[in-house]
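Me: I have a model open and would like to learn how to read it feature by feature. Could you walk me through it?

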Amino acid sequence: MIARLRLLVTPDRQADRVVPPSGHTAWLTVFTAATMTFLAVFALALSMASGRLADAWADALARTATVRISAPPDQMEAQTFAVLEVLKTTPGIAAARALDDDEQKALLAPWFGPDLPLDALPLPRLIEVTEAAEGYDSEGLRQRLAAEAPGAVLDDHTRWRRPLATAAARLNLLGGLSMVLIGASMAAMITLAANAALAANAQVIRVLRIVGAQDDYIAAAFVRRFTLRALTGSAVGAVAGLIGVALLPPVDEAGGFLTGLGFQGAGWLLPLLLPPVAAAVALIATRTAAFRKLRELP
Amino acid sequence: MIAFDNVAYNYGGGELLSEVSLRLAPGSFHFLTGPSGAGKSTFLKLAYAELLPTAGRVTIFDREVRSLTRDDVARTRRRIGVVHQDVQFLDHLPLAANVSLPLMVSGRTGDSRDLTDLLQWVGLGQLADALPPQLSGGERQRAALARAVIMGPDVILADEPTGNLDWEMSLRLLTLLVELNKMGKTILVATHDLNLIRTAKNQVAARVLRIRNRRIQLAGADL
């Protein structure tokens, strides 16, 4: 096994010469590796940015809650006071405050316009709750609110958080799946290129078999070549991809969903792992193709 | 060295060889003759494990061929030099590299002077840097012989080695094979050139085998 690995990784100029330098398969492999790695860099950037964004949303929503009070106008003040008292004495609540009319108007403005006659509408009172680090017992709080203020409903944002968490998981899954598909596509294309090279060199292989070359020796001559091409192409693709990501509009200009698209800190080093991975994919794909082809020969 | 015991070979369209039993003793010289399509090439391919018999046993260097792994077959072929009529080379490598190819694939480093001597011996000393497509038929056959013997094999199998050569060149190649036999190599030459066989019998104690009706028999005085 060690001898086989050594045969694979040790540069052997003479052995490499037994396979004639080929034209289109060489460029096809380099181009494929470069293109796939370029796409992989963007898939990686998108996946990481989506994860960060979803985490930020979920984190922000997880630390806040809202108590909504729907009560007749003459009871509204009393129930609001009762709710604030309950919240003050609830462990795990860092702060609670009732939104004033202007804040409620601002919340509704996107749907009803800025001239909303708030007084004419039976709007519920909203109380913003900020959670302490240790968290609170939402079920216990609901029971106390039901006892002290029958019109109060606690919304701990679970129904908002759950789809966000699901979306985050799906985005990460899609990112991972994209990477796997890109890797599989690259393996498929390199396998096709390797098969083409092996078919084009059938005479070379036959001569080598007749003079006593073992399959490992013949395969290694092809595998080394394809692995090096994939490594070279992938390095070019990774650098191009990194430049592309670096040239994306800055956070303050892009805003919205594009906020934070790209890499942060040590994350910029992650794409540098892609060329060795591409080389490993090429090695496995070419070796598998070579041995399958060689087994067909006597 | 190489033994056939009741060997048959079937290509799928009927039996080409049947009940073949033969032993190639060390240092022997055999000719194998018969009409085109009689099975001479198939016999040689069985002898260096490019084909497996459909019945019977082929034993090479005391090992039954069916028990050989692919790596074993490769190692076995390093002890058998093969020369084909349609000899193939690596056309992008110069003659010297082609001749030393068996050394390269087996991880051995040859002495460049030995290589030069070998090329001189087959009369190709001036063509070491030539590419195979630049060689004539006779030069290609002699180059094939040089490649076949560079590992110092125990056995040399030649399949119609003079098929594309003129008489003068055929005699030159025959002389080289006879010299190798005198060095102790076991030689088997498949040929339909009876003149070559008759000429050789004046130089070496060669047995002549003939394939007739799918079987191998010793040729008689009618040769």
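This is a predicted model: local features need pLDDT of at least 70, side-chain atom pairs count only at pLDDT 80 or more; totals for chains, interfaces and linings use all residues.

Me: How many residues of strand β3 of chain B are buried?

Reply: The count is 4 of the 5 residues in β3 (residues 29–33) of chain B, so the strand is largely enclosed by the rest of the structure.

Me: What does chain B look like as a whole, in terms of helices and strands?

Reply: Chain B has 8 helices and 10 strands. Its C-alpha trace spans about 45 × 40 × 30 Å along the principal axes. A compact globule of 223 residues would have a radius of gyration near 17 Å, and chain B agrees, with 17 Å. Of those 223 residues, 42% count as buried. If you look at contacts in chain B between residues at least 6 apart in sequence, 69% join residues at least 24 apart.

Me: Is A49(B) buried or exposed?

Reply: A49(B) counts as buried because it has 22 C-beta neighbours inside 10 Å. F61(B), with 14 other C-beta atoms within 10 Å, is partly exposed.

Me: Now the interface. How many residues of chain B are in contact with chain A?

Reply: Counting residues instead, 20 of chain B are in contact with 18 of chain A. On the chain B side, the elements giving two or more residues are α2 (70–77) and α4 (101–105) of chain B. α2(B) gives the most, with 5 residues. By type, this side of chain B divides into 10 nonpolar, 3 polar and 7 charged residues.

Me: Over to chain A. What is the strand order of its open sheet of 4 strands?

Reply: The order is β2-β3-β1-β4 (chain A), with antiparallel pairing. β2 (93–98) and β4 (152–155) of chain A stand at the edges with a single partner strand each, so one side of each has no neighbour in the sheet. On average, neighbouring strands of this sheet are turned by 20 degrees against each other, direction ignored. Looking at one pair, 4 bridges join β1 (residues 64–69) of chain A to β4(A), and V67(A) stands opposite L154(A).

Me: Which helix lies across β1 and β4 of chain A?

Reply: That is α6 (residues 138–148) of chain A, which runs at about 165 degrees to β4(A). In the loop between β3 (125–131) and α6 of chain A you will find A132(A). Beyond its neighbours within four places in sequence, A132(A) is in contact with G92(A), I93(A) and A94(A). Helix α5 (residues 101–112) of chain A is hardly covered, with 0 buried residues among its 12. G113(A) follows α5(A) and has a positive phi, near 90 degrees.

Me: Where does UniProt place the feature "transmembrane region" in chain A?

Reply: The unreviewed UniProt entry places it at residues 26–46, 171–198, 230–248 and 268–286 of chain A. Residues 171–198 of chain A are 100% helix and 0% strand, and their end C-alpha atoms are 40 Å apart. For residues 230–248 of chain A, the figures are 89% helix, 0% strand and 27 Å between the end C-alpha atoms.

Notes
Residues are numbered from 1 along each chain as its sequence is written. Chains are lettered from A and ligands numbered from 1 in the order in which they are written. Two strands pair if DSSP finds at least two bridges between them. Axes are lines fitted to C-alpha atoms, for helices over the stretch in contact, and angles run from 0 to 180 degrees between N-to-C directions. Two residues are in contact if their C-beta atoms, placed from the backbone, lie within 7 Å. Ala, Val, Leu, Ile, Met, Phe, Trp, Tyr, Cys and Pro count as nonpolar, Asp, Glu, Lys and Arg as charged, and the others, Gly among them, as polar. A residue is buried if 20 or more other C-beta atoms lie within 10 Å of its own, exposed if 12 or fewer, and partly exposed in between; C-beta atoms are placed from the backbone. UniProt positions are given in the numbering used here, feature names are shortened, and annotations may be inferred rather than shown by experiment. The radius of gyration is taken over C-alpha atoms; the globule rule is 2.2 Å times the number of residues to the power 0.38.
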